[in-house]
Amino acid sequence: MRSRYHILIASILFAILMWISINMTQEYTILINTPIVVKNLLENQALRVQLPKFVSLKIKDSGWQLISLYLVGHPEYVIDISKLKSKNHIIQTFQSIQENLKHPDLLKIVSVYPDSIIISLDEYTNKKVAVVSQVNLRFRDSYGQVGPTTLIPDSVVIGGAKSVVDTIK
């Protein structure tokens, strides 16, 4: 009688493995967020417009390919600034995703969002800016502020694209 439980458990495990194996051969569609990595940005360059942090990829493939994608790790979308020809550039992401994506051999990409990324380069600069308090204090009756308000630090150094930093007062 005891040996029948082993056979029953083995049969159930075998059935589960067969079910997983058959279902993993079907095609599935998933949506993954792939981080954008900027490479070869020179020290005297800055991005004028902030890039999105992620590119959303809609991928359709067999279950086994999608599982291997998770085992290998999520791909990265790499933008090499040194390959751009001008300081203002529009990248059509669906066209460039296969050549700039790590693990492209695993992926059948259906769609990409955003469909384009604007790269706008400017000179990098630093500027010392005073910290200004925008606190509006209200007190109940018979209560009030004692002494002047002090800010520590009284100024900070900011850095970034010259066209953006120059607009900050």
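Which residues does V129 touch, not counting residues up to four places away in sequence?

## Meet V129

V129 touches S155, V156, I158, I168 and K169, leaving aside residues up to four places away in sequence; contact here means heavy atoms within 4.5 Å. This is a predicted model, where local features need pLDDT of at least 70, side-chain atom pairs count only at pLDDT 80 or more, and totals for chains, interfaces and linings use all residues. Residues are numbered from 1 along each chain as its sequence is written, and side-chain values use heavy atoms, with hydrogens and water left out.

You can find V129 in strand β7; strands are DSSP runs of E with at least two residues, helices are runs of H or I with at least four, and both are numbered from the N terminus. V129 is buried, because its relative accessible area is 8% (buried means under 20%, exposed over 50%, partly exposed in between, with a 1.4 Å probe and protein chains only).

## S120 and its partners

S120 also belongs to strand β7, and counts as buried at 6% relative accessibility. Its contacts include K87 and N88. The C-alpha atoms of S120 and H89 are separated by 6.3 Å, although the two residues are 31 apart along the chain.

## The largest nonpolar core

A nonpolar core is a set of buried Ala, Val, Leu, Ile, Met, Phe, Trp, Tyr and Cys residues joined through side-chain atoms within 4.5 Å. The largest one here has 20 residues, and V55, Y77, I79, I117 and I119 touch the most other members. Elements supplying at least two residues each include β1 (27–39), α2 (63–72) and β7 (116–130).
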